[in-house]
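Reader: I would like to learn to read a sheet and its packing. Please take me through one model, feature by feature.

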Amino acid sequence: MALILTSSEREYEKTPSISREDIKVFRDWVMTQSHLPGKFITDIDLILAYHCCDTSLTVSKRVLDLHYTLRTLYPFFKDRIFDRKIETCLKTIVFAFLPDRDVDGNLVLFVTLMDSDPKKFVFCDAVKTFFMTFDLCQLEVGTCLGGRLVIDMTPISFIHVTKLDITTLKHFLYFIQECIFIKLKGVHFLNAPYFMDKLMMILKPFLKKALMDIINIHPVGDTSIYDIVPKKLFPKECGGEFMDFKSISADVINRLKSNSVYFNEEAKKRVQESLRPGGKGAVIVV
């Protein structure tokens with residue numbers, strides 16, 4: 001399944017607050033930053049960054065720089081190829097962008113386990129797969145109001161929690177809070193288990209107040225999520241009308257396999273710290 005990208009023309013049409021001149025000014029600045037991979041950064045990349053920063057050029061510059069700096073530094077952005085690890089991950093974890101937006105118009109990513117065997121759960125591979133899947137979806141969808149993450153905890157055990165790699169978790173949370181090209185509007189843990197408080201204790205040191213404020217923990221049997229994300233949008237195993245887990249897995253595997261060219265090109269969007277104005281200490285990362 002070849003990737004059908006959004007286009008800058010489409011984005012200008014659907015987002016009147018962003019003009020070609022805005023992106024030209026942004027582009028001109030990028031090309032003055034010798035450490036940035038300016039010739040590989042597309043207008044869509046700039047539009048996504050500018051949109052998620054509420055069209056503030058000052059904020060967009062900082063976010064774009066940090067975005068590609070972290071993609072250069074963090075291990076889960078390296079060697080982005082479809083291999084046996086990624087395939088195993090996608091046969092263990094469901095990453096499903098639901099077929100329609102939530103009631104507010106946000107993109108919804110649903111995550112759960114389709115194989116609850118803790119031996120098959122590798123958190124580092126999960127984060128890598130998450131971002132590969134997200135990148136493809138965002139480049140097709142383009143700009144949107146925001147994103148909502150929904151995690152069904154039903155098949156997750158405390159053993160899975162003990163397998164979280166703290167450094168990877170810290171990096172993941174820092175990236176999505178500081179420089180992902182979408183506004184995160186909500187995080188929902190469905191069917192919260194008895195160890196939910198222990199999981200939150202692990203997460204809290206890495207969460208800023210803005211993210212803490214949008215985390216929602218739903219007890220077992222609570223259906224209030226359907227007031228935000230209609231039930232029919234969920235996978236069949238969750239009582240919805242969307243595809244079943246195996247079909248979702250097969251679809252994502254096909255998408256990743258079919259778009260190796262995109263990931264090869266994306267790998268060129270990395271910074272050269274030796275060329276950074278002001279030296280390597282100019283940007284502080286975690």
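Author: Start with pairing: two strands pair if DSSP finds at least two bridges between them. Helices (H or I, at least four residues) and strands (E, at least two) are DSSP runs, numbered from the N terminus. His-188 stands opposite Asn-216 in strand 5.

Author: Now the ground rules. This is a predicted model, in which local features need pLDDT of at least 70, side-chain atom pairs count only at pLDDT 80 or more, and totals for chains, interfaces and linings use all residues. Residues are numbered from 1 along each chain as its sequence is written, and side-chain values use heavy atoms, with hydrogens and water left out.

Reader: In what order do the five strands form the sheet?

Author: In general, strands of a sheet pair through backbone hydrogen bonds, either parallel or antiparallel. Here the order is 1-2-3-4-5, the sheet is open, and the pairing is mixed. Strand 1 and strand 5 (215–219) are the edges, each pairing on one side only. From one strand to the next, the twist averages 15°. Axes are lines fitted to C-alpha atoms, for helices over the stretch in contact, and angles run from 0 to 180 degrees between N-to-C directions.

Reader: How many bridges join strand 3 to strand 4?

Author: Six, and the two strands run parallel. Gly-147 has Leu-184 as its bridge partner in strand 4. Strand 2 (residues 107–113) also pairs with strand 3 in the parallel sense, over five bridges. There, Leu-149 is the bridge partner of Leu-109. Strand 4 and strand 5 are parallel too, joined by four bridges.

Reader: Is strand 3 buried or exposed?

Author: Buried means under 20% relative accessible area, exposed over 50%, partly exposed in between (1.4 Å probe, protein chains only). In a regular strand the side chains alternate between the two faces of the sheet. In strand 3, Gly-147, Leu-149 and Ile-151 are buried on one side, and Arg-148, Val-150 and Asp-152 are buried on the other. Six of the six residues are buried, so strand 3 is largely enclosed by the rest of the structure.

Reader: Which unit do strand 2, helix 6 and strand 3 make?

Author: A right-handed β-α-β unit, with helix 6 spanning residues 123–141. A crossover is right-handed if, with the strands pointing away from the viewer, the path from the first strand over the helix to the second runs clockwise. Helix 6 lies across strand 1 and strand 2, at about 15° to strand 1. Helix 9 (residues 196–203) lies across strand 4 and strand 5, at about 150° to strand 4.

Reader: Which residues touch the most other members of the largest nonpolar core?

Author: A nonpolar core is a set of buried Ala, Val, Leu, Ile, Met, Phe, Trp, Tyr and Cys residues joined through side-chain atoms within 4.5 Å. Leu-64, Phe-131 and Phe-189 touch the most others among its 96 residues. Helix 6 gives the most to this core, with eleven residues. Contact means heavy atoms within 4.5 Å. Beyond its neighbours within four places in sequence, Phe-189 has contacts including Ile-151, Leu-199 and Ile-217.

Reader: How many aromatic pairs does the structure hold?

Author: It holds 21. Rings of Phe, Tyr and Trp (its six-membered ring) pair if their centres lie within 6.5 Å; planes under 30 degrees apart count as stacked, over 60 as edge-to-face and the rest as tilted. Phe-95 and Phe-130 are edge-to-face, at 6.4 Å centre to centre and 65° between the planes. Phe-95 and Phe-130 are both buried.
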